[in-house]
Amino acid sequence: MKKNVFIFLLVIAVFSVAFCISVPEVRAEDEAEARMLKDLLRYISSSEMMYSDFLWALDYIDKFDREKSWESLQLARASISIATLHIEKHKFPALEMTADDERKFMKQGIDVTFLTDADSVFKAEQTALKNTCINLNNSTMYEIFFKEDWEICMRNAANRRKEMEYDLQYLANMADWVLTSLNNPATTKRFNSFLEKLSPKTHARQRKKNATLKNIEADANTLSKKIEELVADDNKIVGAESNRLNIMKYALEKKDLKLIGTPMKISNMPPLIHRPKWFNNKDRNIYYFWKDSNGKSNIPDTCTKLERVPDSCQIRINNVSLSQVKDYQKELEDEGLRCYGSKDEGKKLTLLYKVKGGRFSIIWENEKVIIHMNEDPVCFIPIMYLYLMR
């Protein structure tokens with residue numbers, strides 16, 4: 001999600017004439033400015049919406065870090081899953097600025113090419129942010145069982161929060177530079193009124209007092225250095241993750257699971273079930289649902305308060321063979337957990353499980369598996385963690 005600094009450097013040389021959005025009869029040049037600033041406003045607001053989705057999920061991850069409970073873990077997992085879905089759906093509106101507009105500005109010595117790249121920059125940000133969500137989702141699934149792993153996860157989460165702050169400040173710098181370049185109080189007031197409604201986080205980070213272009217550029221350079229420091233710290237986190245993998249490999253080689261680390265205590269945990277090997281398939285999606293007053297299951301919007309844990313959870317995993325599912329059925333039997341109901345239709349297999357305080361079903365069909373939990377869920381965990389608990 002790191003923005004190319006050159007885009008900002010293009011922005012700072014952009015505007016030198018007035019923007020008139022509310023004048024009934026506008027000169028052609030002013031109409032071009034209106035289209036250009038409207039596109040800029042859309043870029044800022046579209047970007048902030050994605051950042052807000054992600055920050056909302058980070059709040060629930062922080063909540064779990066404070067509480068270490070099964071309830072807060074479900075909310076953390078659900079929020080990052082919901083945020084991923086919403087981030088995927090965001091679309092950058094088509095630019096209104098025309099090629100003729102761009103040529104007119106170029107003739108005036110004003111470079112607006114940064115805006116023509118806005119769509120590709122937005123999509124790159126979207127992809128990077130989605131991947132970040134996937135990584136954090138994996139952390140809430142895999143790295144909550146040992147303190148050492150979770151500490152690394154929270155270092156990463158803290159850096160991602162910093163990154164969002166830097167990205168929002170970047171947008172605020174962009175708006176401030178454009179408005180300062182225009183040097184038109186009426187334009188600034190109109191633009192910022194729209195920005196406050198559409199992008200309150202960016203608006204809150206704008207300068208409260210007028211600043212010179214030189215000062216804004218200096219702040220942009222400072223922000224660039226902070227981003228470089230964040231990248232350097234991210235590299236240290238990658239190193240820490242690699243070290244943890246080496247420790248795990250060594251512990252398995254020595255057949256001493258206690259060397260792996262310190263099991264993390266999470267209160268109110270449901271029955272613990274070791275997860276199948278195919279649980280780690282990359283093509284896996286997890287959905288959480290809440291029932292409304294009519295009993296209909298829904299996925300809530302981001303940035304809404306989750307008042308209670310989800311009513312149901314579906315884990316959908318692709319590229320799983322029937323034999324793999326039956327192997328897992330045998331593994332559970334060896335652990336003393338037999339399905340209380342099963343139906344094998346050749347092309348479809350349904351397995352029902354019930355343990356003290358939890359239940360779940362496994363449905364296989366067409367190389368796809370759905371693990372479904374309603375009330376009384378279970379928690380799927382790495383088998384080595386299960387051994388340590390015992």
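This is a predicted model, in which local features need pLDDT of at least 70 and side-chain atom pairs count only at pLDDT 80 or more, while totals for chains, interfaces and linings use all residues. Residues are numbered from 1 along each chain as its sequence is written, and side-chain values use heavy atoms, with hydrogens and water left out.

**Helix 3 and helix 6**

- Helix 3 (residues 70-89) and helix 6 (residues 118-142) have axes that come within 9 Å and cross at roughly 160°; helices here are DSSP runs of H or I with at least four residues, numbered from the N terminus, and axes are lines fitted to C-alpha atoms over the stretch in contact, with angles from 0 to 180 degrees between N-to-C directions.
- Helix 3 is therefore roughly antiparallel to helix 6, a term that applies to angles over 145 degrees.
- The crossing of helix 3 with helix 6 is left-handed, meaning that the near helix is turned anticlockwise from the far one by less than a right angle.
- Among the residues in contact (heavy atoms within 4.5 Å) are Leu 73, Ile 80 and Ile 87 from helix 3, which meet a set in helix 6 including Leu 129, Cys 133 and Leu 136.
- The residues of this contact divide into seven nonpolar, four polar and four charged, where Ala, Val, Leu, Ile, Met, Phe, Trp, Tyr, Cys and Pro count as nonpolar, Asp, Glu, Lys and Arg as charged, and the others, Gly among them, as polar.

**Gln 126**

- Gln 126 lies in helix 6 and is buried at a relative accessible area of 15%, buried being under 20% with a 1.4 Å probe and protein chains only.
- Leaving aside residues up to four places away in sequence, Gln 126 touches Met 50, Ile 87, Glu 88, Lys 89 and His 90.

**Helix 7 and helix 8**

- The axes of helix 7 (residues 147-182) and helix 8 (residues 185-198) come within 9 Å and cross at roughly 160°, so these helices are roughly antiparallel to each other.
- Helix 7 and helix 8 make a right-handed crossing, in which the turn is clockwise.
- Ala 175, Leu 179 and Leu 182 in helix 7 meet Thr 187, Thr 188, Phe 191, Asn 192 and Leu 195 in helix 8, a contact with five nonpolar, three polar and no charged residues.

**Cysteines**

- The count of disulfides is zero, a disulfide being a pair of cysteine sulfur atoms within 2.5 Å.
- The sulfur of Cys 153 is too far for a bond, because the closest cysteine sulfur, in Cys 133, is 12 Å away.
- Cys 153 counts as buried at 3% relative accessibility, and Cys 339 counts as buried at 19%.

Key. Buried < 20%, exposed > 50% of the residue type's maximum accessible area, 1.4 Å probe, protein only. Helix = DSSP H or I, 4+ residues; strand = E, 2+ residues; numbered from the N terminus. Parallel < 35°, antiparallel > 145°, perpendicular 65-115°, else oblique.
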